[in-house]
Amino acid sequence: MPLEVELSPFQKEKLQSYFKFLEPDANGKLESHSLDRILKRIFEFTRWQKDSAKALQCKEIHTAFFEILFEKAVEEGGKRGMASLDDWYHIWAHILPGCKGMSNFPVWLRLMPKMLFDMIDRNGDGLITEEELIRFYREMVKVEDPALEGHTKEAYKDMTDGGRYPLNLDGYEQIFANFLIGKTPHGPGKYIFGCFKHDNTNWQLIAPLSTHDDAHSAKPKEENKIVQEKRPKKFGVLFT
């Protein structure tokens with residue numbers, strides 16, 4: 001029997017924000033037309049030409065993602081070509097056991113944060129700015145929050161450790177890992193799809209991890225920063 005992890009209430013809340021991002025239908029289910037809708041929105045937001053390298057990769061990643069999701073939904077007794085929110089939770093409950101960082105995820109999932117990063121980084125300079133993040137929340141995530149700019153400022157502060165580190169791809173990938181793995185509001189992963197309502201908790205960015213750490217041993221880079229909670233006598237990625 002495949003391993004399964006119990007998702008915490010906060011993990012479910014974060015994953016629900018991701019589910020809504022993927023354009024479920026009027027009945028709150030993801031189906032084949034959801035793929036068409038999310039790709040249409042992405043291409044309108046990014047202005048990527050449909051035959052461009054980024055657009056083609058985006059379509060390939062999301063197509064694989066939806067195919068896997070629908071397969072898992074059928075395994076759980078659901079209808080073919082359709083997935084409910086509960087089906088969505090089940091796929092993550094089977095993906096996450098044993099995962100400590102991005103390198104532990106399936107290949108198609110490891111490509112997802114880069115695709116999101118490229119969407120947000122509209123000027124292509126390799127950095128996400130506060131203004132780019134606000135636009136992503138407003139136009140792509142559809143956050144309806146009258147205090148969006150203020151909340152984004154706080155989110156950006158957390159995602160860059162108070163401005164100590166630029167929000168580049170390396171940092172964003174670690175934040176995305178925290179989004180999936182973190183069971184509590186610790187760390188900035190909650191901001192990937194704009195979960196603002198929880199109080200900020202102490203965490204820090206540290207670099208680099210030991211190359212003996214399995215989750216980060218493939219290509220250690222001097223500039224890599226790892227999201228970590230501030231806990232005494234601990235070193236490494238803490239996703240609790």
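Q: Where does Asp 161 lie in this predicted model?
A: Asp 161 is part of the loop that runs between helix 8 (148-159) and helix 9 (169-181).

Q: What makes Asp 161 buried?
A: The relative accessible area of Asp 161 is 16%. The cut-off for buried is under 20%, so with 16% Asp 161 counts as buried.

Q: What is the phi of Asp 161?
A: Phi of Asp 161 is near 55°, which is a positive value, and the residue is not a glycine. Most residues other than glycine have a negative phi.

Q: Which value of phi does Glu 23 take, and where does Glu 23 lie?
A: Glu 23 has a positive phi of about 65°, although it is not a glycine. This residue comes just after helix 1, in the loop that leads from helix 1 to strand 1 (30-31).

Q: Why is Glu 23 called buried?
A: Glu 23 has a relative accessible area of 13%. Buried means under 20%, so Glu 23 qualifies.

Q: What span is expected for helix 1, and what does helix 1 reach?
A: Helix 1 (residues 9-21) has 13 residues.

Q: Which residues of helix 1 are buried?
A: The buried residues are Phe 10, Gln 11, Lys 14, Leu 15, Ser 17, Tyr 18, Phe 19 and Phe 21.

Q: How do helix 1 and helix 4 pack, and which residues make the contact?
A: The axes of helix 1 and helix 4 (residues 85-95) are 10 Å apart, at an angle of about 115°. The crossing is right-handed. Helix 1 gives Lys 12, Leu 15, Gln 16, Tyr 18 and Phe 19 to the contact, and helix 4 gives Leu 85, Trp 88, Tyr 89 and Trp 92. By class these residues are seven nonpolar, one polar and one charged.

Q: Why are helix 6 and helix 7 described as roughly perpendicular?
A: Their axes cross at roughly 100° and come within 9 Å. Angles of 65 to 115 degrees count as roughly perpendicular, and helix 6 and helix 7 are therefore placed in that class.

Q: Which residues meet between helix 6 and helix 7?
A: In helix 6 (residues 112-120) they are Leu 116, Met 119 and Ile 120. Their partners in helix 7 (residues 130-141) are Glu 132, Leu 133, Phe 136 and Met 140. The contact has six nonpolar residues, no polar ones and one charged. Glu counts as charged, and Glu 132 is in this contact.

Q: What does helix 2 reach, and what covers its buried residues?
A: Helix 2 (residues 32-46) has 15 residues and reaches 22 Å, close to the 21 Å expected. Its buried residues are Ser 34, Leu 35, Ile 38, Leu 39, Arg 41, Ile 42, Phe 43, Phe 45 and Thr 46. What covers them includes helix 1, strand 1, helix 3 (53-75), helix 6 and helix 7.

Q: How many helices and strands does the chain have, and what share of its residues count as buried?
A: The chain has nine helices and four strands. From the N terminus, their order is α-β-α-α-β-α-α-α-α-α-α-β-β. Of the 240 residues, 49% count as buried.

Key. Residues numbered from 1 in each chain as written. Predicted model: local features only at pLDDT ≥ 70, side-chain atom pairs only at ≥ 80, totals over all residues. Heavy atoms only, no water. Helix = DSSP H or I, 4+ residues; strand = E, 2+ residues; numbered from the N terminus. Expected span 1.5 Å × (residues − 1). Buried < 20%, exposed > 50% of the residue type's maximum accessible area, 1.4 Å probe, protein only. Axes fitted to C-alpha atoms, helices over the stretch in contact; angles between N-to-C directions. Left-handed = near helix turned anticlockwise from the far one by under 90°. Contact = heavy atoms within 4.5 Å. Parallel < 35°, antiparallel > 145°, perpendicular 65-115°, else oblique.
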